[in-house]
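Please examine the sequence and the three-dimensional structure shown below.

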Amino acid sequence: MINILANDGISESAIELLREKGFNVTNEHINQDSLAESINKNNYEVILVRSATKIRKELIDKCPSIKLIGRGGVGMDNIDVEYAIDKGIKVINTPKASSLSVAELVFAHLFGMVRSLYDSNRKMPMDGEKDFKKLKKSYSSGKELFGKTIGIIGFGRIGQEVARIAIALGMKVLAHDKTISEANITIKFYDDSKKTFTIETDPINTVLEQSDFITLHIPKIDDKPVISAKEIKLMKTGAGIINTSRGGLIDEDILMFSLEKKKLAYAALDVFSNEPTPSIHLLMQENISLTPHIGAATREAQERVGIELAEKIIKFYNKK
């Protein structure tokens, strides 16, 4: 029997599917320090992770039983992918499963930012009874998203899903990607009719300069931020930026400075440089909309992630 460790969790439907095919699935979390010992003790051939567990060279070398590593999600910067492949280990992820969930979170933040909902939700419980009129006045200069320009940096599946929602809202879409020159974005309507828009990508400076809002959907390749002082300087005064991709893509100190100096009006972060202990100074900023890395954390997405992983595992072993 093939043993599978779902170290960061997997849906019950995926577990049932795998068990029906004869796999033994353990759905529990083992601390990073104890992971190698547990893998060797239980002879796990498959280890499934999300963003919490790291699969580095040292772990791979210590665990010769591993034949397949599965990442529930898109980015695989917590896995030494090339090293694993060189060792003959199959590495899989689920690029389709969570795209819609992440894209919807982008717009949850966007709507909250332009109407100051993130701040209003903090202050209404404390001051709403005695300062209702004052709060009403302070939150009466919101903006609409219709007609605004969204700049998407990283135009893969998630970026294209963001574009689909943005177009449906009446926004103009600009996009930048190092490898994708254009993409066809199809919007489906309630009556099963469809309309397709072709978006051609632009240089990153064009996207930064012309967008009212920037959203990031790229992997983190090294420790250097993609958005720092140089990039923020190019952005419109009063623009906003959202990161639901990877912590460290934005220089957080520069971001806070830009907000304090009114260069940027809005920011939203779902990911942070020092997860799971983000800077308290950053967390206390009143003009940043914050969530704790929940981009792909919807019931629907986790269901799709689990099924996609299960199907790929079954296919892998059926081919052997």
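Leaving aside its neighbours within four places in sequence, with which residues is Ala 14 in contact?

## Basis of the report

The model is predicted: local features need pLDDT of at least 70, side-chain atom pairs count only at pLDDT 80 or more, and totals for chains, interfaces and linings use all residues. Residues are numbered from 1 along each chain as its sequence is written, and side-chain values use heavy atoms, with hydrogens and water left out.

## Ala 14

Beyond its neighbours within four places in sequence, Ala 14 is in contact (heavy atoms within 4.5 Å) with Gly 306, Ile 307 and Ala 310. Ala 14 belongs to helix α1, residues 12–20; helices (H or I, at least four residues) and strands (E, at least two) are DSSP runs, numbered from the N terminus.

Ala 14 has a relative accessible area of 0% and is therefore buried. Buried means under 20% relative accessible area, exposed over 50%, and partly exposed in between, with a 1.4 Å probe and protein chains only. Between the C-alpha atoms of Ala 14 and Glu 58, which are 44 residues apart along the chain, the separation is 29 Å.

## The nonpolar cores

A nonpolar core is a set of buried Ala, Val, Leu, Ile, Met, Phe, Trp, Tyr and Cys residues joined through side-chain atoms within 4.5 Å. The largest one has 27 residues, of which Phe 107, Leu 110, Met 113, Ile 150, Phe 155, Val 173 and Phe 213 touch the most other members. Two or more residues each come from α5 (99–114), β6 (149–153), α8 (157–168), β7 (172–176), β8 (182–188) and β12 (264–269). Helix α5 gives the largest share, six residues.

Another core, of 23 residues, lies apart from this one and includes Leu 174, Ile 218, Ala 239 and Ile 288.

## The largest cavity

On a 1 Å grid over the protein atoms alone, a cavity is a set of points where a 1.4 Å probe fits but cannot get out; lining residues have an atom within 4 Å of a point. Grid points are joined across faces, edges and corners, and a volume is the space filled by probe spheres set on the points.

The structure holds one cavity of 30 Å³ or more. The largest cavity contains about 30 Å³ of space. Its lining is formed by Asn 243, Gly 247, Gly 248, Leu 249, Ile 250, Glu 252, Leu 269 and Val 271.

Definitions and conventions: 1 Å grid on protein atoms, 1.4 Å probe; cavity = no way out; pocket = protein on both sides within 12 Å on 5 of 7 lines; lining within 4 Å.
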